[in-house]
Amino acid sequence: MGEQRRRSHWAWGYQDDLASGTQLRQIAELVAAVTGITLPGELEAPVPLERVRLPEPRVAVPSHLADICSQQPHDRAVHAHGKAYRDLIRAFRGQFEHVPDVVARPGDEHDVEELLGWCGAAGLALIPFGGGTSVVGGVEPRVGPGYAGTVSADLSRLGRVLEADPVSGAARIQAGVTGPALNEQLSSHGLTLRHFPQSYEFSTLGGWIATRSGGHYATGPTHIDDLVESVRAVTPAGIWQSRRLPGSGAGVSPDRMLLGSEGILGVITEAWVRVQHPPVYRAAVSVRFRSLNAGAGAVRSITGSGLYPGNCRLLDPAEAALSAGGDGKHALLMLGFESADHDVMPWLEAALKLAGAHGGTWDDVRSSGPAEAGQAGAAHQAVGPGGGGRAGAPGHGGRWRDAFLRMPYLRNSFPAMGVIAETFESAVTWDKFPAFHESVTGAADEAVRQACGSAGAVTCRFAFAYPDGPAPYYTVLAAGRRGEEVAQWDAIKTAASDAVLRAGGTITHHHAVGRDHRPWYDRQRPEPFAAALQAAKAAIDPKGILNPGVLIDP
């Protein structure tokens with residue numbers, strides 16, 4: 001049941017892939033140069049697992065489930081938290097308050113049914129784990145009183161592509177497969193699933209569906225919703241299986257009820273999803289603007305034009321300097337198109353004409369076609385959201401793409417250097433964006449000064465863009481006080497979330513709700529809908545064993 005490589009008990013990634021002392025110092029110097037944060041002279045070291053005191057398991061595993069269950073300290077520690085900053089800093093310090101009593105790795109749906117039966121009979125909460133990449137407390141066994149224990153359900157053994165239908169352009173895939181493993185298996189059929197969330201390396205298909213993940217395309221089909229044909233889940237009331245169809249108007253969609261359900265209605269075990277041939281034509285360029293607002297005008301024109309670029313991500317000057325090698329004076333628009341069928345240069349040229357009308361300037365365009373694809377086809381499978389040129393292509397776009405996929409590893413360094421790193425994202429209509437951005441950044445800046453006693457950095461990028469509005473993604477970097485980082489993080493998070501709702505945005509565009517967003521989600525949703533969701537939960541899961549505390553109260 002164990003992995004060949006060992007996941008870190010506190011950080012993002014594998015134990016053997018964490019940054020060295022020299023690398024940490026280099027990252028610290030970059031952060032200090034861009035943000036002006038004064039860093040401590042010494043970097044703190046994480047508490048090793050052998051020095052961590054975990055609470056003893058409260059339950060014994062029944063004999064018929066012994067082969068799929070573990071109560072080993074490493075397994076329990078890894079499944080005790082997600083990957084938000086507050087998760088990292090607590091685990092870094094060896095603070096594991098909420099730990100699953102059991103980690104279960106079912107090998108098939110029968111095992112899942114047996115787990116649900118045991119949890120229902122024994123009064124245990126069952127928490128689907130996915131890849132454990134939640135940044136909103138979605139997998140933390142923080143379930144409140146009334147449960148005899150908690151079980152973390154890790155579906156990593158359900159990791160296969162079961163069927164491929166090249167005629168319809170779809171595949172039936174088990175929910176526990178990670179992004180790289182999924183596309184590696186699809187490649188043998190000449191297909192790919194173009195969905196690359198930043199957590200791509202470890203997050204799973206089931207997790208993407210349960211949290212309505214945002215993926216590869218910055219415009220057009222951005223959410224996993226757009227790629228789902230049907231979903232299958234195991235619930236306490238039986239199997240939830242929708243019919244596989246390209247579309248249907250038959251009442252409320254059973255798929256849509258599971259999309260975004262965050263594990264409260266059932267354990268997703270497999271899905272039919274839309275796949276495609278890998279792109280072989282690419283064209284990309286980085287466009288400079290004098291300000292974020294000027295770039296926003298260009299993005300609004302491009303998304304309203306019907307061009308639908310694969311990449312249309314706008315970075316403010318500070319964000320560009322941190323993650324794309326920008327000069328710190330100009331906003332950067334990462335603009336790219338891709339296709340498996342046709343040359344995309346005419347589409348890029350049309351988008352650049354719109355960008356130029358808003359003052360955008362650019363240098364060389366990077367492009368590739370079938371000849372280059374034959375040399376770098378494997379790299380194209382994993383090139384992810386950059387949308388640009390040859391694998392390893394130089395320029396801002398290539399650097400941003402690499403930084404995007406490596407950012408979760410870079411965040412591992414922040415606890416060691418005493419830096420608080422908070423991210424939050426939203427979506428808002430174009431007419432509201434200027435005031436929204438000013439209000440949210442102002443509130444975040446003030447919260448940093450109040451919580452940390454000094455200024456930090458609040459940066460913004462557009463993670464996705466729609467014809468009617470952007471999805472701005474904010475990063476907050478600030479100096480922490482050792483031992484007080486969680487309280488500081490909570491204060492900044494609260495102020496930023498309040499500002500997001502007050503200015504008319506959503507509490508989350510693609511990070512899900514979990515436990516951390518619950519107070520704002522409760523304010524955002526209509527009360528009749530909350531009552532309907534509560535009733536659905538009671539019908540499917542009358543004992544309230546599935547991920548209690550997420551979306552609704554048990």
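Predicted model: local features only at pLDDT ≥ 70, side-chain atom pairs only at ≥ 80, totals over all residues.
User: How many helices and strands does the protein have?

Analyst: Here helices (H or I, at least four residues) and strands (E, at least two) are DSSP runs, numbered from the N terminus. Going through the protein that way, we get 17 helices and 17 strands.

User: And what is its radius of gyration?

Analyst: The radius is taken over C-alpha atoms, and the globule rule is 2.2 Å times the number of residues to the power 0.38. That rule gives 24 Å for 554 residues and the protein comes close to it, so it is as compact as a globular protein of that length, with a radius of gyration of 23 Å.

User: How far does the C-alpha trace span along its principal axes?

Analyst: Picture the C-alpha trace of the protein laid along its principal axes. Its spans there are about 65 × 60 × 50 Å.

User: Let's pick a helix. How far does α4 reach from its first C-alpha to its last?

Analyst: Helix α4 covers residues 109-122, which makes 14 residues. The expected span of a helix is 1.5 Å times one less than its number of residues. For α4 the expected value is 20 Å, and the helix comes close to that, reaching 20 Å.

User: Which residues of α4 are buried, and which residue just after α4 takes a positive phi?

Analyst: The buried residues in α4 are Glu109, Asp111, Val112, Leu115, Leu116, Trp118, Cys119 and Gly120. Just past the end of the helix, a positive phi of about 70 degrees turns up at Gly123.

User: Which other residues have a positive phi, even though they aren't glycine?

Analyst: Most residues other than glycine have a negative phi, and most peptide bonds are trans. In the segment after α17 there is Asn547, with phi near 40 degrees.

User: Are Asn547 and Leu551 buried or exposed?

Analyst: Asn547 has a relative accessible area of 3%, which means it is buried. Leu551 is at 4% relative accessibility, so it also counts as buried.

User: Where does Pro470 sit, and what distance separates its C-alpha from that of Trp430?

Analyst: Pro470 belongs to strand β17, residues 469-479. Its relative accessible area is 1%, so Pro470 is buried. Trp430 is 40 residues away along the chain, yet the two C-alpha atoms are separated by 6.8 Å.

User: A lysine next: is Lys493 buried or exposed, and how far is its C-alpha from that of Phe424?

Analyst: Lys493 is part of helix α15, residues 485-502. With a relative accessible area of 6%, Lys493 is buried. Phe424 is 69 residues away along the chain, and the C-alpha atoms of this pair are separated by 7.9 Å.

User: What about Gly456: how far is its C-alpha from that of Thr429?

Analyst: Gly456 lies in the loop between α14 (433-452) and β16 (457-466). Its relative accessible area is 24%, so Gly456 is partly exposed. Thr429 is 27 residues away along the chain, and the C-alpha separation is 28 Å.

User: Last one, about holes inside the protein. What is the volume of the largest cavity?

Analyst: On a 1 Å grid over the protein atoms alone, a cavity is a set of points where a 1.4 Å probe fits but cannot get out, and lining residues have an atom within 4 Å of a point. Points are joined across faces, edges and corners, and a volume is the space filled by probe spheres set on them. The structure holds four cavities of 30 Å³ or more. The lining of the largest cavity includes His81, Asp87, Arg90, Phe96 and Glu140, and its volume is about 70 Å³.

Definitions and conventions
Residues numbered from 1 in each chain as written. Heavy atoms only, no water. Buried < 20%, exposed > 50% of the residue type's maximum accessible area, 1.4 Å probe, protein only. 1 Å grid on protein atoms, 1.4 Å probe; cavity = no way out; pocket = protein on both sides within 12 Å on 5 of 7 lines; lining within 4 Å.
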